[in-house]
Amino acid sequence: MLFITVSMLSEARPIIDFKEMKRIPQETRYQIFQNENTYLIVTGVGGTKAMMAVTYLLTRFQAKKTDFLLSFGTCALIRSAEEFKAVRGGIFQAGRIYNLPFQRACYPDLLYRTPFCEADLVTLPSIYRGGAVPGLPFAIRDPIPLLAEMEAAFVYEAANAFLFAHHIFVLRIVSDDGDCDALTKQTVRGLVAEHGGEIASFIEWIEETDAVKQGKSEDKNIEQALLDEIIYSLRLTSCQQNELIRLAGNYLVRKKTFDGIMSAMPKARVKTKREGKEQYERLRQIFLEP
Amino acid sequence: MSDCDRSFWNPDFSHVYIEEDILDHPRTAKILSHLTHSSVIPVPHYKDVFCRKNQHFAAQKQSMKLILARKREPFLYKGSPMCDDFGHENFFYTSDIMNCMYQCEYCYLQGMYPSANIVVFVNLEDTFLALEARLKEKPMYVCISYDTDLLAFENLTGFVADWIGFASRHLDLTIESRTKSANFSAISAISPQPNVILAWSISPASIADSLEKHTPPLRSRLRSMREAIEKGWKVRLCVDPMLCVEDWERIYDRFFEEVQSALPLDQLFDFSIGVFRVPKESLKAMRGIHPGSMLLSYPFTLSESGWSYPEEQKSVMMDYLKDRFGSATAH
């Protein structure tokens with residue numbers, strides 16, 4: 001599964017259109033859109049709102065560790081006007097995110113090769129209005145751009161509690177250099193739409209991963225079904241169940257099959273725990289064969 | 001995008017994270033001079049990157065990052081009872097690099113660290129100072145390449161050469177540098193030191209090919225060992241861990257023949273042998289990293305020293321090794 005977070009609908013609209021996502025009408029707390037493999041949430045502006053929304057999204061749709069999250073949006077460039085001209089409208093991937101309100105940094109795990117240039121991001125408690133950022137503990141890494149916005153660090157930290165670090169991507173489009181009053185919804189939408197093809201192919205690239213595809217498959221394999229049957233038949237305790245699942249998993253790697261296991265099992269569900277324990281011990285010895 | 005396809009991964013060391021207070025260290029500059037295309041990210045402490053939440057060890061092995069840091073105390077660690085002390089009373093090891101560039105399926109490092117990224121502690125001089133203080137009290141035996149493969153990194157760090165230089169000035173210190181690399185050429189210009197042991201871990205070619213990803217082939221390692229012996233170095237041959245794979249006796253018979261024909265066994269300094277064993281807490285993590293591993297799915301038994309083969313199996317394998325390698329030291 002892929003989860004996408006944006007703070008404003010105007011930033012999300014081109015992606016929603018391009019991916020033909022539909023709003024989930026039952027979701028009233030947040031605007032959530034979906035298509036086959038992807039959920040998109042509009043979090044609202046600011047760190048706290050973003051953190052709450054990400055936690056809601058990943059809990060509500062039962063995110064697995066192997067799922068992906070893309071945090072997407074616009075930001076400002078903390079640089080001179082000349083440099084701003086060069087990068088305005090550019091799209092960047094965060095290599096380091098500094099949470100200014102909490103004075104701590106997080107470092108996305110940049111394992112995958114992406115088509116985007118790298119930038120440092122500073123998550124501010126309020127809108128960046130230009131000039132230097134007081135309290136920033138590090139210098140600008142030339143030639144890496146330093147970008148300001150209001151959600152990334154919170155989104156990253158919330159998502160990282162659920163997902164593998166290398167499955168979280170933070171992308172930002174440079175929309176301004178602190179003069180955000182001049183920005184309109186249409187300008188933001190236009191900037192995102194300019195990168196529509198790039199973003200869409202990046203999303204497709206993620207959707208093509210094994211992990212996203214696996215999320216769709218709910219077929220239980222035969223071995224798992226057999227194991228479930230054994231656990232039910234033997235009335236095992238939680239501790240015995242865990243032990244049996246571990247041993248059976250290793251047995252299956254070694255022998256490739258559970259053939260012959262069922263013949264060693266009782267045909268009906270055991271009547272007493274003692275009977276179950278005896279059968280469990282027999283099964284355990286089989287699974288411990290080298 | 002398949003997880004097995006390397007083209008989707010950033011190249012190894014695409015990013016170098018450097019602790020802020022060693023940005024100006026000479027070894028930092030030396031290492032960075034080899035990595036001109038890497039993106040450098042300063043960090044307050046190496047654990048901010050190395051100990052991140054929810055890292056994926058196997059995925060990180062596809063695109064390892066380098067972390068340069070300052071080593072803080074302790075600089076020396078007491079040798080583990082699971083490792084051979086070769087009769088030395090004061091057996092210690094150091095950890096100047098954490099993690100290894102190879103991907104051996106049986107390696108205990110996989111269960112030990114939260115990350116597969118490589119941490120290089122650039123302030124080797126502080127380890128030397130700590131060691132000098134200890135050497136005033138007693139002679140020492142120090143293994144310098146336990147939590148890593150130092151010689152494999154030699155072209156980047158030059159640590160083995162530095163250690164040999166240090167050992168040459170302290171004859172009451174004996175050091176062992178253990179490797180799977182075939183990189184003897186990186187130190188071949190240095191004169192052999194009587195208190196430095198170069199140890200090579202080798203496995204049968206079929207095991208090296210299938211379970212020791214990215215390591216040099218057996219014949220390259222044997223060539224490196226031979227060169228070191230010819231130059232006059234003390235060379236230790238390590239068959240550790242021996243693995244109980246299918247048809248292991250035939251595989252190890254052939255392996256022994258190959259070693260015998262490639263090396264003058266009588267000129268080796270000594271042997272070290274042992275069967276597969278990992279600390280108690282490591283096996284679960286290792287199985288998580290290699291869920292389909294035939295090797296790790298074996299029904300190991302747990303003793304006080306950790307997971308290993310059942311006693312009966314262990315003795316058969318150890319007897320076999322002792323028989324072949326004669327004067328070997330048992331674990």
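Predicted model: local features only at pLDDT ≥ 70, side-chain atom pairs only at ≥ 80, totals over all residues.
A:Tyr30 and A:Tyr56 are both buried. A pair of aromatic rings is described by the distance of the centres and the angle of the planes. Over all chains, 34 aromatic pairs were counted. For A:Tyr30 and A:Tyr56 the ring centres are 5.4 Å apart and the planes meet at 40°, so the pair is classed as tilted. Angles under 30 degrees would count as stacked and angles over 60 as edge-to-face.

A tilted pair is also present in chain B, where B:Phe91 and B:Tyr141 have a centre-to-centre distance of 5.6 Å and an angle of 40° between the planes. This pair, too, links distant parts of its chain. B:Phe91 is in strand 5 (residues 91–93) and B:Tyr141 is in strand 9 (residues 140–143), 50 residues apart. The relative accessibility of B:Phe91 is 4%, so B:Phe91 counts as buried. B:Tyr141 is buried as well, because its relative accessible area is 0%.

Aromatic residues of the two chains also come together in one cluster. Chain A contributes A:Phe68, A:Tyr112, A:Phe116, A:Phe169, A:Phe202 and A:Trp205, and chain B contributes B:Phe8 and B:Trp9. In chain A, the charged end of A:Arg60 sits over the ring of A:Phe61, at 4.8 Å from the ring centre. In chain B, B:Lys78 lies over the face of B:Phe92, 4.9 Å from the centre of that ring.

Two cis peptide bonds in chain B were noted. One runs from B:Glu73 to B:Pro74 and has an omega near 0°. B:Pro74 is located in the loop between strand 3 (66–69) and strand 4 (77–78) of chain B. The other runs from B:Asp240 to B:Pro241, with omega near 10°, and B:Pro241 is part of strand 13 (residues 234–242) of chain B.

Positive phi values were found in chain A at residues other than glycine. A:Glu20 has a phi of about 50° and is placed in the loop between helix 1 (9–18) and strand 2 of chain A. Because its relative accessibility is 61%, A:Glu20 counts as exposed. The phi of A:Lys256 is near 70°. A:Lys256 is placed in the loop between helix 9 (238–255) and helix 10 (273–287) of chain A, and its relative accessibility of 58% is over 50%, so A:Lys256 is also exposed.

The contact between the chains involves 31 residues of chain A and 35 residues of chain B. About 2900 Å² is buried between chain A and chain B, and carbon and sulfur atoms give 54% of this area. A:Tyr107, A:Leu111 and A:Arg113 together supply 24% of the area that chain A buries against chain B, more than any other three residues. The count of salt bridges between the chains is 1. In this salt bridge the side chain of B:Arg52 meets that of A:Asp109, with a distance of 3.1 Å from N to O. There are also 19 residue pairs in polar contact between chain A and chain B. On the side of chain A that touches chain B, strand 6 (91–99) and helix 9 are the elements that give two or more residues. Helix 9 of chain A gives the largest share, 4 residues.

Within strand 6 of chain A lies A:Gln93. The relative accessibility of A:Gln93 is 8%, which is under 20%, so A:Gln93 counts as buried. Its side chain is joined to the side chain of A:Thr114 by a polar contact of 2.6 Å. When residues up to four places away in sequence are not counted, the residues that A:Gln93 touches are A:Leu110, A:Thr114, A:Phe116, A:Cys117, A:Glu118, A:Ala119, A:Phe169, A:Val170 and A:Leu171. Among these, A:Phe116 and A:Phe169 are also members of the aromatic cluster.

Key
Residues numbered from 1 in each chain as written. Chains lettered and ligands numbered in written order. Heavy atoms only, no water. Phe/Tyr/Trp six-rings, centres within 6.5 Å; stacked < 30°, edge-to-face > 60°. Buried < 20%, exposed > 50% of the residue type's maximum accessible area, 1.4 Å probe, protein only. Lys NZ or Arg CZ within 6 Å of the ring centre and 35° of its normal. Contact = heavy atoms within 4.5 Å. Buried area = accessible area lost by both parts, 1.4 Å probe. Salt bridge = Lys/Arg side-chain N within 4 Å of Asp/Glu carboxyl O. Polar contact = N/O pair within 3.5 Å; in protein donor to acceptor, adjacent residues only side chain to side chain.
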